[in-house]
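Take a look at the model below. The walk-through starts from one side chain and then follows its contacts.

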Amino acid sequence: MKRSVLLGLFVTASMLASTSFAADKPADLCDANIQTIDNAKGQLSANPELTQRAETSVAKAKALKAQGKIDDCIAETSQTIVELRKSTGTNN
């Protein structure tokens with residue numbers, strides 16, 4: 001009985017601690033995705049259409065982030081990163 005109570009307390013404490021550490025993770029992911037797209041712009045100089053798509057996506061993502069729509073920012077940037085990777089043939 002004592003072991004199960006201690007295990008329950010440990011699991012509960014771990015879950016509470018992990019949520020507090022992950023509180024800023026979505027905003028960090030949005031920023032990281034924006035930075036990834038900005039870094040990829042240098043490789044897109046040969047393709048003006050992709051460069052324009054990347055710039056439009058970054059502008060939209062920054063506007064969504066400013067509005068507090070972090071999930072939409074992540075969705076926008078993630079989709080753009082996938083498109084850029086497909087078009088450039090990189091998978092990392």
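Asp31 is partly exposed, because its relative accessibility is 33% (buried means under 20% relative accessible area, exposed over 50%, partly exposed in between, with a 1.4 Å probe and protein chains only). This is a predicted model: local features need pLDDT of at least 70, side-chain atom pairs count only at pLDDT 80 or more, and totals for chains, interfaces and linings use all residues. Residues are numbered from 1 along each chain as its sequence is written, and side-chain values use heavy atoms, with hydrogens and water left out.

Asp31 has a partner. Its side chain meets that of Lys65 in a salt bridge, 2.6 Å from N to O (a side-chain nitrogen of Lys or Arg within 4 Å of a carboxyl oxygen of Asp or Glu). The two residues are 34 apart in the chain: Asp31 sits in helix 2 (residues 25-40), Lys65 in helix 3. Helices here are DSSP runs of H or I, at least four residues, numbered from the N terminus. Lys65 is partly exposed too, at 31% relative accessible area.

The structure holds 4 salt bridges. Two others join helix 3 to helix 4. Glu83 of helix 4 and Arg53 of helix 3 lie 30 residues apart, and their closest N and O atoms are 3.0 Å apart in a salt bridge. Glu83 counts as partly exposed at 29%, and so does Arg53 at 25%. Lys60 bridges to Glu76 with closest N and O atoms 3.6 Å apart. That pair also links helix 3 and helix 4, across 16 residues. Which side of the cut-off does Glu76 fall on, buried or exposed? Glu76 is buried, at 9% relative accessibility. Lys60 is partly exposed, at 47%. Arg53, Lys60, Glu76 and Glu83 are linked in a network of salt bridges.

Now the helices themselves. Helix 3 (residues 48-66) packs against helix 4 (residues 70-88) at about 165 degrees, with axes 8 Å apart. Axes are lines fitted to C-alpha atoms over the stretch in contact, and angles run from 0 to 180 degrees between N-to-C directions. The angle makes the pair roughly antiparallel (over 145 degrees). Their contact (heavy atoms within 4.5 Å) includes Leu50, Arg53, Lys60 and Leu64 of helix 3 and Ile70, Glu76, Glu83 and Leu84 of helix 4. The contact residues divide into 7 nonpolar, 5 polar and 6 charged. Ala, Val, Leu, Ile, Met, Phe, Trp, Tyr, Cys and Pro count as nonpolar, Asp, Glu, Lys and Arg as charged, and the others, Gly among them, as polar.

Note on methods. Parallel < 35°, antiparallel > 145°, perpendicular 65-115°, else oblique.
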